[in-house]
Amino acid sequence: MSFPYSLDPNKEDNPYHPFPPESESLLSPSSAKVLHQKDGTREKGISKTTSLEDIEDEGSSSSFSHRKIAPINRYALAGAILASTNSVLLGYDIGVMSGAVLFIKEDMKITSTQVEILVGSLNVCSLIGSLASGKTSDWIGRRYTIILAAATFLIGAILMGLAPSYSILLVGRLIAGIGVGYSLMIAPVYVAELSPTLTRGFLTSLPEVFINIGILLGYISNYALSGLPETLNWRLMLGLAAVPAVVVAIGVLAMPESPRWLVMRGRRDEARKVLIKTSETKEEAELRLKEIVEAASFSLGGASSSSAWQGEGVWKEMIFRPSRQLRRILIAAIGVNFFMQASGNDAVVYYSPEVFRDAGIANRRQQVGVTVIMGLAKTSFVLISAFYLDKFGRRPLLLLGSIGIALSLAGLGLGSKYLQYSDEKPIWAIVLCVVAVCSAVSFFSIGLGPITWVYSSEIFPMKFRAQGSSLAISVNRLVSGVVSMTFLSISREISFGGTFFALSAIMVVGTVFFYFFLPETKGKSLEEIGTLFEDRVENDQYKLLLS
């Protein structure tokens with residue numbers, strides 16, 4: 001099988017190689033370096049200019065491959081934390097619904113099919129928010145889109161907590177889902193556009209960290225409130241989601257706007273002020289601004305000099321006439337988002353009490369208690385991944401995580417199948433199922449969980465970033481909704497064990513996809529990453545042009 005250069009993983013000097021050797025990074029228009037040498041001397045007429053990487057490397061006593069983790073800019077960190085707090089809303093809903101649905105089913109006397117619709121409706125409706133979020137954020141800005149997401153979820157949380165009937169509860173879920181769709185797209189994009197290059201992986205993975213913190217808080221809420229009457233406990237579980245929504249809406253007011261969005265709207269002075277605060281030196285800020293301005297001018301055809309551009313024509317170009325480079329970016333972004341949810345992680349988290357009950361844990365409080373252990377494991381490993389993303393890179397952690405998920409789901413399928421055909425419930429099989437679930441969500445937190453958001457927000461060119469991420473995350477939400485709304489029905493037909501074996505097979509396919517189609521982006525600026533998806537000839541011409 002033959003590949004274009006940029007898709008051949010066997011080329012060791014190729015960014016698609018799983019463990020590429022360190023080499024000089026591809027360059028953006030404002031950071032030209034000498035790339036071609038002959039017989040140990042520089043070619044005539046080529047000189048080296050100061051680049052953004054030089055500024056970021058200043059003071060380092062070793063090469064990039066041996067450099068310690070770059071210091072994190074406090075202003076960028078504060079903005080990333082505030083934006084990522086929005087992700088707590090989704091995490092809390094996922095965690096709390098896994099327990100609340102047990103009490104809702106008893107209190108409202110609803111069927112298993114209605115449970116699936118209730119759980120999956122949030123993910124399906126988040127598709128609406130995801131599709132609308134790209135255009136909205138290009139229009140009103142990244143910061144105000146975050147506020148809109150929090151306000152929408154707040155309305156949904158209040159309706160769910162006060163719902164007198166199943167239909168009102170479902171309406172609340174639908175509204176909350178739109179807010180979730182907005183927040184899932186905008187938080188990673190905002191953080192990626194605000195972050196310095198060398199710490200972008202860590203900062204952009206914070207939304208996933210906060211999703212896991214939200215899941216853990218949801219589990220703890222379930223355990224703490226499960227002793228209350230069934231007519232009250234699930235209402236408090238769902239209604240408490242309004243608290244972080246209010247905190248987010250207020251906290252975002254202190255956040256700066258994305259410097260790249262400001263440049264696209266012609267507000268360069270405001271962008272400069274933000275970049276100065278998020279850079280280590282003023283010189284670095286000026287170089288970052290120059291890169292952004294040149295990339296915006298190239299991408300928008302000069303529209304960056306005015307406030308007229310509001311995202312027009314992006315969808316048409318992406319869908320109907322994408323360039324080869326953009327087509328490869330879309331395949332990578334949509335693919336990683338598809339496999340993130342096709343792994344079944346959301347369904348495993350939503351229905352973990354059902355899975356544990358099927359494994360032989362009969363006590364409802366014990367079922368909820370085991371989910372707290374699962375939440376602790378999930379949160380711990382996503383923190384580990386976040387801290388090492390910028391050291392080891394995206395690809396090694398993604399491949400490790402996806403292989404681990406496949407093996408864990410196979411183990412879970414084996415344990416479930418044994419328990420299905422066993423009259424007794426041996427303790428080793430129950431332990432295997434519990435460990436396999438914790439292992440699956442832990443490997444997800446190492447790889448697909450954080451890296452999907454990082455990757456989706458950083459690989460698109462500036463013009464396409466918001467709406468391209470919007471499209472990719474819409475696929476994410478659609479697949480999540482389908483899996484969540486069919487998980488119990490499919491499991492009834494082919495058993496939990498059969499379902500987990502199928503999900504394991506899907507992750508094997510996903511691992512192959514990641515190996516061939518996702519290049520390494522560690523250490524590249526947002527303006528440089530697009531060249532990773534070009535053909536070798538185009539890449540070399542681009543380097544020569546800048547030399």
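Tyr-388 lies in helix H18, which spans residues 364-392; helices are DSSP runs of H or I with at least four residues, strands are runs of E with at least two, and numbering starts from the N terminus. At 35% relative accessibility, Tyr-388 counts as partly exposed, since buried means under 20% relative accessible area, exposed over 50%, and partly exposed in between, with a 1.4 Å probe and protein chains only. This is a predicted model, in which local features need pLDDT of at least 70, side-chain atom pairs count only at pLDDT 80 or more, and totals for chains, interfaces and linings use all residues. Residues are numbered from 1 along each chain as its sequence is written, and side-chain values use heavy atoms, with hydrogens and water left out.

**Surface**
- Tyr-388 belongs to a nonpolar surface patch of about 540 Å², together with Phe-381, Leu-383, Ile-384, Phe-387 and Phe-392.
- Patch residues have over 30% relative accessible area and no salt bridge; like charges are joined within 9 Å, nonpolar side chains (Val, Leu, Ile, Met, Phe, Trp, Tyr) within 5 Å.
- The chain exposes about 21,000 Å², and carbon and sulfur atoms supply 64% of it.
- Accessible areas come from the Shrake-Rupley method with a 1.4 Å probe; for residues, only the protein chains shown count as cover.

**Overall fold**
- The chain has 24 helices and 2 strands.
- Of its 547 residues, 61% are buried.
- Among contacts with a separation of 6 or more, 82% join residues 24 or more positions apart; a contact means heavy atoms within 4.5 Å.
- Ala-505 lies in helix H22, residues 465-517.
- Ala-505 is partly exposed, with a relative accessible area of 44%.
- The C-alpha atoms of Ala-505 and Leu-409 are separated by 9.0 Å, although the two residues are 96 apart along the chain.

**Salt bridges**
- The count comes to 11 salt bridges, each a side-chain nitrogen of Lys or Arg within 4 Å of a carboxyl oxygen of Asp or Glu.
- Arg-173 pairs with Asp-93, the closest N and O atoms being 2.4 Å apart.
- Arg-173 lies in helix H6 (residues 166-194) and Asp-93 in helix H3 (residues 87-108), so this pair ties together parts that are 80 residues apart in sequence.
- Both Arg-173 and Asp-93 are buried.
- Glu-193 and Arg-142 form a salt bridge at 3.0 Å, N to O.
- Glu-193 in helix H6 and Arg-142 in helix H5 (residues 142-162) link distant parts of the chain, 51 residues apart.
- Glu-193 and Arg-142 are buried as well.
- Glu-317 meets Lys-463 in a salt bridge at 3.1 Å, N to O.
- Glu-317 sits in helix H14 (residues 314-320) and Lys-463 in the loop between helix H21 (448-458) and H22, so the pair ties together parts that are 146 residues apart in sequence.
- Glu-317 and Lys-463 are both buried.
- Through shared partners, salt bridges join Asp-138, Arg-142, Glu-193 and Arg-465 into one network.

**Cysteines**
- A search of the whole structure finds 0 disulfides, a disulfide being a pair of cysteine sulfur atoms within 2.5 Å.
- Cys-125 counts as buried, at 12% relative accessibility.
- Cys-438 counts as buried, at 12% relative accessibility.

**Confidence**
- Mean pLDDT is 78, and 81% of residues reach 70 or more; pLDDT is the predictor's confidence in each residue, from 0 to 100.
- Over residues 302-306 pLDDT stays under 50, and the model has 15 contacts beyond four places in sequence for them.
- Residues 537-547 have pLDDT below 50, with 19 contacts in the model beyond near neighbours in sequence.
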